[in-house]
Amino acid sequence: EAITVYTPVPWGFRFRYMDGSSGRYIYEEWPPDSEKFRKNWSLFLDDLEVHLKSKSWFEKTYLGINENPLDVTLSAIKVIKEHSKEWKITYAGNWHAELSPLVDDYSCIIESEPDIAGLKERKGKGFTTTFYICCTPPRPNTFVFSPPVESRYLGWYTAAFGYDGFLRWAYDAWPADPVRDARHTAWPAGDCYVVYPGGNSSIRFEKLREGIADYEKIMILRNLARKSGNEKALKSISELESFLSTIIDNPDYYKRNYDSERLTTLLEEGRFLINRLSKELPR
C-alpha cells in the first residue's frame, strides 16, 4: 500500500556514492542544512521522481526520516518541499507540534505523543498517525521478559487513543542464535524480533496478533453499529467508548499504571463488551 524511501537523514549524515572517474565508493557527511545536502538531494529527487512516476508509484511513496532532532528534521523537510510540494513525508520519533502539518504519516514513540486534540486535527487533514515501541519504554513492550498481556494491550491502546495503527521495531532482526540466546549487545532481549527462524511464532507475537484482532473488531463494530441505527447496539457502543476512555489512566506516560494484573482485568472486561456487542448487532 505504501513505499517508504529511507532515508534523507542517515545516522551521522553519512552518504555513499560511486565516483564516476575512479570507480570507487566515496563517503561524505552532508548535514541537512548544508549546501551539499541541498544540491545532491535535489539531483537525486529529480531522478527518483521520474522513476516513481514512470512506475505509477509516486502517489504512494513517502520519504522517511527516522528519530532525528527537530531542527535536523525541519532542515531536511525544507529541502524536500523546495524540490516539490507533492512529496509525502513520514517521520518516526518524538512528537513535535511543529512537524505535524508537514508530515503526512507520523509515528510517535509512546513516551512522546500528541494530545487527543492534536490527533483529531491530523485526522481532519487526512494524515495518518500511529505510535511505536522499540528498545524503549520498559512497559508496555514485547520483550522476552514482558508479561504477555502487554502485547495484547497494545491493540486496545491503539483503539483507545484513536491512532490509525501501531508500529513495532522489529519483526525478525535476529541475533546470532535467537532460539538459544535472545540477548542483544545493546538492547533488551527480544527487542529486535517477535518471531523465530523457520516460521516459528512466540507467545508475545500471538498476543500481539490477538490485540490487533481486538482492534480490528472494535473498528468493525463501531462502523456496523452506527450504520445500523439499532438503539441497543448504539447504547452498547457508547458503553464500549466509555470503557476505552479508562484504558489510558493518565495522559502523562510516566504516571501510568502498567501493572499486569490491572491490564489483564481491563482486557477481560473489554473482550466481554465487544463479544456482547457482536451478538447484539443485527445480521
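Partly exposed describes a residue whose relative accessible area lies between the buried limit of under 20% and the exposed limit of over 50%. Arg-139, at 31% relative accessibility, therefore counts as partly exposed. The model is predicted.

**Salt bridges**

The count of salt bridges comes to 20.

| Arg-139 | Glu-150 | 2.7 Å |

**Arg-139 and Glu-150**

These two side chains meet in a salt bridge. The pair links distant parts of the chain, 11 residues apart. Arg-139 sits in the loop between strand S7 (128-133) and helix H4 (148-161), while Glu-150 belongs to helix H4. Arg-139 is partly exposed. Glu-150 is buried, because its relative accessibility is 0%.

**Arg-262 and Asp-249**

Arg-262 lies in helix H7 (residues 260-280), and Asp-249 lies in the loop between helix H6 (231-244) and H7, so the bridge ties together parts that are 13 residues apart in sequence. Asp-249 has 38% relative accessibility and counts as partly exposed.

**Lys-125 and Glu-121**

Lys-125 is partly exposed at 46% relative accessibility. Glu-121 is partly exposed too, with a relative accessible area of 49%.

**A network**

Which residues are linked in a network of salt bridges? They are Arg-152, Lys-207, Glu-210 and Asp-214.

Conventions. Residues numbered from 1 in each chain as written. Predicted model: local features only at pLDDT ≥ 70, side-chain atom pairs only at ≥ 80, totals over all residues. Heavy atoms only, no water. Salt bridge = Lys/Arg side-chain N within 4 Å of Asp/Glu carboxyl O. Buried < 20%, exposed > 50% of the residue type's maximum accessible area, 1.4 Å probe, protein only. Helix = DSSP H or I, 4+ residues; strand = E, 2+ residues; numbered from the N terminus.
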